[in-house]
Amino acid sequence: MIPRFDTIRIQALLLLQDSAPLRTRDFRAPLARHFELTDEEINAEYPYGNIFSDRISWALSYLFIAGLVEKPQRGVYRITQKGREMLKSSTAEQINQYISDIVQARSVDRPATTAGKKKSDDEETTVPPAQTPQELLE
């Protein structure tokens, strides 16, 4: 089973902990091994691209938004000091909660409209952890 993007986040962070900066594509092979994916799962496609690669990209995007990784150049990721500290002092659940809180805070800070109507404070602004934003659109 292809892991959800929130599951990939922690493993991606762990990969960066012990390596030089990695390109997005450099995460595929080690993550596929870690999650014991079959060739069929690794190569599964959406109409717009590869499912596993898409989930890796979303995982890295959320890590970047939370400040746990940085991008020294386009498509290259490096763990930040904050990312290292969180790996040492926090559980996977705590890290994922931290990321979710940061992402939610950022989405609440942005004015959101739906067909010209401003969203109320009561409306849900977070992405369910089981799906990437692109999967929700599909």
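Here are some friendly notes on this predicted model, taken point by point.

1. Ground rules. Residues are numbered from 1 along each chain as its sequence is written, and side-chain values use heavy atoms, with hydrogens and water left out. As the model is predicted, local features need pLDDT of at least 70 and side-chain atom pairs count only at pLDDT 80 or more, while totals for chains, interfaces and linings use all residues.

2. Overall layout. The protein chain holds seven helices and seven strands; here helices (H or I, at least four residues) and strands (E, at least two) are DSSP runs, numbered from the N terminus. Read from the N terminus, the order is α-β-α-α-β-β-α-β-β-α-α-β-β-α. Of the 138 residues, 36% are buried, where buried means under 20% relative accessible area, exposed over 50%, and partly exposed in between (1.4 Å probe, protein chains only). The accessible surface of the chain comes to about 8500 Å², with 49% belonging to carbon and sulfur atoms; areas come from the Shrake-Rupley method with a 1.4 Å probe, and for residues only the protein chains shown count as cover.

3. Strand pairing around β5. Two strands pair if DSSP finds at least two bridges between them. β5 pairs in the antiparallel sense with β1 (residues 22–23) over two bridges, and L22 stands opposite Y77 of β5. β4 (residues 69–73) also pairs with β5 in the antiparallel sense, over three bridges, with V69 opposite I79. Please look at the β4–β5 hairpin: two residues lie between the strands, and G75 takes a positive phi near 75°.

4. The largest nonpolar core. By nonpolar core I mean a set of buried Ala, Val, Leu, Ile, Met, Phe, Trp, Tyr and Cys residues joined through side-chain atoms within 4.5 Å. The largest one has 33 residues, and L13, F27, F52, L63, L68, I95 and I99 touch the most other members. Elements giving two or more residues to this core are α1 (5–17), α2 (28–34), α4 (51–65), β5 (76–79), α5 (81–89) and α6 (92–109). The largest share, seven residues, comes from α4.

5. F52 is found in helix α4 and is buried, with a relative accessible area of 0%. Contact means heavy atoms within 4.5 Å; leaving aside neighbours within four places in sequence, F52 contacts I2, P3, I8, R28, L31, A32, L37, E41 and I42. The C-alpha atoms of F52 and L31 are separated by 9.5 Å, the two residues being 21 apart along the chain.

6. Charged side chains. A search of the whole structure finds two salt bridges, each defined as a side-chain nitrogen of Lys or Arg within 4 Å of a carboxyl oxygen of Asp or Glu. One joins D6 and R4, with the closest N and O atoms 2.9 Å apart; D6 counts as buried at 9% relative accessibility, whereas R4 counts as partly exposed at 36%. The other joins R78 and E70 at 2.7 Å, N to O. R78 is partly exposed at 35%, and E70 is partly exposed at 31%.

7. A buried arginine to check. R9, in helix α1, is buried yet has no salt bridge; D6, the nearest side chain of opposite charge, is 4.9 Å away.

How values were computed: Lys, Arg positive; Asp, Glu negative; His and termini not counted.
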